[in-house]
Structures are given as C-alpha cells and as structure tokens.
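Please keep the viewer open as you read.

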Amino acid sequence: MSTVSETTHDSAVAMSAPPSPDDGLPAAELARKYGLAVSGARPPLGEYTRQLWARRHFILAFSRAKLTAQYSKAKLGQVWQVATPLLNATVYFLIFGLLMQQSKGMGIRTYIPFLVTGIFVFTFTQSSAMAGVRAISGNLGLVRALHFPRAALPISFALQQLQQLLYSMVVLFLFLLGFGHTPALSWLLIVPVLVLQFCFNTGLALILARAGSKTPDLAQLLPFVTRTWMYASGVMYSLVDALEKAKAPGWVVDVLSANPAAVYIDLMRWSLIENHSRIHLPPHVWSLALGWALVFGIGGFVYFWKAEEQYGRG
Amino acid sequence: MAEQNPTGAPAAPSGPRVPTVIADDVHIVYRVYGGNTGRGSATAALNRLVRRKPGAGVREVHAVKGVSFTAYRGEAIGLIGSNGSGKSTLLKAIAGLLPAERGKVYTDGQPSLLGVNAAMMNDLTGEKNVMLGGLAMGMSREQIRERYQGIVDFSGINEKGDFITLPMRTYSSGMAARLRFSIAAAKDHDVLMIDEALATGDRSFQKRSEARIRELRKEAGTVFLVSHNNRSIRDTCDRVLWLEHGQLLMDGPTEEVVRAYEKETAR
C-alpha cells in the first residue's frame with residue numbers, strides 16, 4: 001500500500017518538475033544562460049536616445065493632450081488658448097501704458113510691444129521650469145505603470161509650453177500691428193531664437209525634473225527663484241538702462257545681460273520691434289544664445305539620463 | 001501551514017522549461033515623505049529638522065522582503081494575499097518600474113503592466129485616449145489605427161450609443177475600466193501583468209476579458225494576475241504565489257495554494 005502511494009507521489013513530482021540541468025543553478029547564471037536581462041536597467045546613452053526618438057509620437061501626443069485638456073471644461077474651449085495671453089497683454093497695456101504712463105523713455109508705441117515680448121518670452125522659460133520640476137514627481141502614477149524613456153515627460157512638458165507660446169505669439173503680432181509696426185524680414189529671426197530657447201528650456205526642464213524627483217520641495221522654492229530671475233532679466237524695463245541708472249559696476253551689467261533669459265528676450269525684441277535704439281544687444285549675443293542652448297540641452301539630457309533607473313522610487 | 005513547496009511550478013505544456021522571469025531575493029523599500037508620526041505643525045517639523053533626527057520627515061516602508069521565484073514560458077501565475085501584502089509592488093518591480101533596494105529581477109524582453117490608465121486623461125474623448133494610451137504603451141500610430149475598431153468593439157463602449165467621442169469623465173467607472181482593459185490588451189506582450197483588472201465590468205465583459213487573457217497567454221510568454229477573486233484565479237492560473245507581509249508564504253499549483261489561503265482567510 002505504502003509503496004503504491006510512494007510511486008504515485010514520485011511520478012507526480014517527476015511530472016511536475018522534470019529533471020533539468022538548470023536545477024541548483026544560481027539565479028544570475030540561470031539568467032545568463034537564457035539571455036535574460038536585469039529588469040529596469042539603464043540603457044546606454046545612444047540606445048536611450050534611439051528609444052526616445054521611437055517615442056516621438058507619444059511625446060507630441062502627450063503635450064497636445066495636456067494642452068487641450070486644460071480648457072476642455074470651458075464653454076469657449078480652445079478659444080482660451082489665444083484669449084488668455086490676449087487678456088494678459090491687455091492688462092499690462094492698461095496698467096503700464098494707460099494708468100502709469102510708464103514708457104521708460106521709449107514711447108508707448110515701442111514700450112508696450114517691448115513689455116509684452118519680454119513677458120511672453122520669459123513666461124515660456126518660467127513655465128517650462130515649473131512644469132519640469134514636477135514632470136517626474138507629479139506623474140509618479142505614469143512612471144510606475146508604463147515603460148518609456150523618462151526623458152519623454154520633461155521634453156513633452158517643454159513642448160507643451162512651446163505650443164502655448166505659439167498661441168501667445170499670435171497675440172504679440174496683433175499688438176505689434178496694432179501699435180503700427182510693419183512686418184519686416186527681421187521677424188523671421190524669431191524662428192531660430194525660438195528653436196534655441198526651446199533647447200535651453202528643455203535642458204532646464206530635464207535638470208529640474210531630476211532634481212525635483214529627489215527633492216520635491218524644489219517646487220515650493222522655484223517660484224521665488226524665477227521671480228528673482230525675472231527682475232534680473234529686464235522683463236519690464238531695459239536692463240542696461242536700469243543698471244546704469246543704479247551705477248552698477250560694468251561686470252554686473254555684463255553678467256546679468258549674458259543670462260539666458262535676458263539673451264533670448266533681447267534677441268526676440270531686437271527681431272520684432274523696429275526703432276529699438278533703446279534695446280541694447282550685448283556683445284556676442286548669438287553665440288551666447290547658441291551656447292546656452294547647447295550646454296543646457298545636451299548637459300541636461302545627459303544629467304537626466306544618468307539617474308534613469310531611479311525615477312519612480314518614492 | 002507556512003510550508004514552502006520546493007518543487008515550484010507545475011509543468012509547462014510541453015518541451016523544456018524556459019525561464020522568462022527570475023526574481024532573486026528582491027527587496028523593495030518605499031520612501032514616504034510627510035508620513036512621519038507626531039505633531040503635524042510647522043514648528044514640530046522644524047524642530048525635527050534642526051535636531052537632525054534620523055530620517056527627518058521620511059519614513060521607509062519595507063514592502064517586499066526577499067522574494068525569490070522563477071517563472072517559465074507558458075505559465076499563468078496568480079498572486080494572492082491580503083491587502084497590503086506587497087502583491088502590486090512586486091509586480092511593479094518585475095516590470096522594472098520600481099527599482100529594487102536589494103536583489104535583482106531578470107526578465108526576458110520587456111514585461112508590461114496592464115496599467116494604461118495612468119496615461120489617460122479624463123478630459124479627453126475616449127477616441128483620443130485610445131491613441132494616447134496606445135502610444136504610451138509603445139505602439140506605433142499605424143498599429144493603433146489598425147486595431148482601433150477592435151479596441152472599441154471589444155470594450156463595448158459604443159453598444160449604448162456613440163460614447164467613444166465623449167470625454168472620459170462622462171463614463172461610468174465600469175465603462176472606463178473596460179476601455180482601459182481593451183487598450184492594454186490590444187498590444188502583444190512578452191510578459192503580461194494584470195492587477196485586479198478582471199474585478200471590473202459586468203459578467204459578460206469579465207468572460208470576454210478572461211478569454212482574451214487566455215489568448216494573450218498562448219501568444220506570449222507569461223501572465224501574472226493579481227486578484228482577490230479566487231474564482232478568477234482558479235479559472236486563469238495554473239500556479240499561485242501567496243504573499244503575506246512582503247514575504248513569499250507559498251508557491252505551488254493553484255488548487256493547493258488557493259485552498260490553503262481560503263482555509264487561512266476563513267478563520
């Protein structure tokens with residue numbers, strides 16, 4: 001009786017686990033034998049870039065979806081894409097142009113486009129930074145559910161801000177025409193400026209995304225940093241004029257006007273506004289614009305990639 | 001009761017057993033900010049910071065403690081255990097979405113978690129969400145267009161009218177869950193992991209999704225299923241891992257483990 005049960009027992013074991021040469025093999029060797037890879041390992045930089053390129057449609061679709069979702073509950077819907085910057089610019093016109101008559105010696109015809117350009121261009125960088133710092137920490141659900149190169153998130157957010165800026169540019173053109181500026185060939189220069197600024201913003205978003213995923217507190221701190229940055233970049237006044245009036249030493253003027261926000265704002269104003277003798281371009285401004293874009297764009301990407309396998313940990 | 005089954009999994013349908021997932025002593029630790037005990041005021045937080053108490057403001061949750069197993073091609077493995085026993089966390093680690101604190105997970109190809117809901121946006125129409133969800137899972141635009149009708153038909157969203165062109169926030173929770181499952185199941189997976197997906201939807205949808213899981217299992221390597229529904233575990237799985245307190249309590253054929261689990265939970 002016992003022999004019978006033993007044989008059936010043995011045969012059952014033999015059936016469920018046929019003798020295999022793999023028995024007793026350590027996990028790492030077993031994995032190597034069947035070509036298994038460590039789950040969630042960071043791919044090399046070239047492979048990572050290729051994976052990211054393969055996800056370009058997702059990046060674009062995600063940024064568009066975020067943009068449209070913003071106003072989907074409003075009755076006017078996507079009209080708000082243009083209406084929001086238009087109202088913003090109108091408020092600045094009412095306060096600075098009509099109420100305070102503050103044209104900083106430029107005349108209202110130059111000052112309002114000058115101001116609106118500064119605000120729109122700076123907002124582009126500022127909101128990319130803000131979106132970047134929350135790109136990972138605010139999307140942990142997505143990061144913990146699906147596989148994709150994580151850089152897709154900050155890049156997508158920067159792209160969303162770029163599309164937002166394009167709507168704002170429509171408003172800016174309306175203001176320029178309204179204040180009697182005629183379209184000139186130099187307006188085309190905004191295209192390279194926007195490309196360079198977008199590279200810079202994306203790099204900044206990538207850097208902040210990594211920092212923000214480790215230290216979520218940065219999201220609280222960042223508004224103060226960007227506000228200081230705004231005043232140091234001459235968004236509402238001519239930076240050089242203001243510094244000269246305050247008798248700032250020459251190197252301060254040089255350093256502040258070489259900061260990336262000031263560089264992109266100056267280039268944009270210089271391209272769009274005629275009669276801008278008051279708008280000083282710092283020396284080597286195009287090289288600065290290119291340099292900031294490359295240093296932040298490439299540096300930010302590599303910096304972000306280095307912690308790829310860590311995103312998603314709480 | 002807490003016996004380990006050293007023989008492991010039941011036999012794969014045929015041929016030599018090829019491992020697809022190897023978990024080697026996996027530990028997972030969550031770090032939670034703001035989960036500290038004590039008074040929640042600003043002064044108390046500052047006090048902790050100044051006194052440099054260990055781990056000021058951070059608490060560690062050791063969710064999975066040293067789990068090892070090997071999964072083979074063709075297996076459907078169920079994960080059972082009480083709430084908070086680490087089932088979902090373990091799945092995320094296998095998918096490579098949560099980095100392991102210690103130990104390693106080796107996988108064949110890219111395991112995917114059936115968790116497309118995270119990429120979807122309630123303010124967008126179902127139509128756009130199919131596109132977005134598919135892209136997020138790594139499908140190409142052509143693939144999604146090809147399978148679009150199949151996804152919509154499978155979800156049954158349009159059975160009650162043209163709902164797919166409405167924003168997802170107007171869907172009932174059952175409808176949304178059906179659409180999510182349909183999108184996620186539209187892709188071919190090497191290793192597929194399903195977290196409680198079958199609990200949603202009405203009876204006819206549950207039947208359809210179980211059939212779809214069996215299909216996926218045939219096409220692809222290995223299926224993991226987390227569920228509190230022992231019936232659906234019995235219907236779909238041939239091996240079960242029982243987790244409790246982040247540790248592997250039992251690993252063996254479905255009937256054996258589920259019966260032991262039922263005996264334990266019935267008390």
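A76(B) has V223(B) in β7(B) as its bridge partner. The two strands concerned, β3 (residues 76–80) and β7 (residues 222–226) of chain B, pair in the parallel sense over four bridges; strands are said to pair if DSSP finds at least two bridges between them. Strands here are DSSP runs of E with at least two residues, while helices are runs of H or I with at least four, and both are numbered from the N terminus. The model is a predicted one, in which local features need pLDDT of at least 70 and side-chain atom pairs count only at pLDDT 80 or more, whereas totals for chains, interfaces and linings use all residues. Residues are numbered from 1 along each chain as its sequence is written, and chains are lettered from A and ligands numbered from 1 in the order in which they are written.

Stay with β3(B) for a moment, as β3(B) also pairs with β8(B), again in the parallel sense and over four bridges. There, G78(B) stands opposite V240(B). How many of the five residues of β3(B) are buried? Five of the five are, so the strand is largely enclosed by the rest of the structure. A residue is called buried if 20 or more other C-beta atoms lie within 10 Å of its own, exposed if 12 or fewer do, and partly exposed in between, with C-beta atoms placed from the backbone. In a regular strand the side chains alternate between the two faces of the sheet. In β3(B), A76(B), G78(B) and I80(B) point one way, I77(B) and L79(B) point the other way, and all are buried.

H245(B) is not a glycine, yet it has a positive phi of about 55°. With 14 other C-beta atoms within 10 Å, H245(B) is partly exposed.

Now turn to where the two chains meet. Here 45 residues of chain B are in contact with 36 residues of chain A, a contact being two residues whose C-beta atoms, placed from the backbone, lie within 7 Å. On the chain B side, the elements that give two or more residues are β1 (19–33), α2 (87–94), β4 (102–107), β5 (111–113) and α3 (126–136). Of these, β1(B) supplies the largest share, seven residues. By class, this side of chain B divides into 28 nonpolar, eight polar and nine charged residues; Ala, Val, Leu, Ile, Met, Phe, Trp, Tyr, Cys and Pro count as nonpolar, Asp, Glu, Lys and Arg as charged, and the others, Gly among them, as polar. Strand pairing also links the chains: β1 (residues 37–38) of chain A and β4(B) pair in the antiparallel sense over two bridges. Within β4(B), Y106(B) is the residue opposite V38(A).

Chain A itself has 14 helices and one strand. Of its 314 residues, 39% are buried. Among the contacts in chain A with a separation of 6 or more, 81% join residues 24 or more positions apart.

Two helix pairs are worth a look. Helix α5 (residues 80–99) and helix α6 of chain A pack at an angle of about 135°, with their axes 10 Å apart. That makes α5(A) oblique to α6(A). The residues in contact include Y92(A), F93(A) and F96(A) of α5(A) and I112(A), L115(A) and I119(A) of α6(A). This contact has 11 nonpolar, one polar and no charged residues.

Helix α6 (residues 108–133) also approaches α10 (residues 218–231) of chain A, their axes coming within 10 Å and crossing at roughly 165°. That makes α6(A) roughly antiparallel to α10(A). Axes are lines fitted to C-alpha atoms, for helices over the stretch in contact, and angles run from 0 to 180 degrees between N-to-C directions; under 35 degrees counts as roughly parallel, over 145 as roughly antiparallel, 65 to 115 as roughly perpendicular and the rest as oblique. F122(A), Q126(A), A129(A), M130(A) and V133(A) in α6(A) meet L218(A), A219(A), L222(A), T226(A) and M230(A) in α10(A).

Finally, K247(A) lies in the loop between α11 (239–245) and α12 (250–257) of chain A. K247(A) has a positive phi of about 55° although it is not a glycine, and K247(A) counts as exposed, with 6 C-beta neighbours inside 10 Å.
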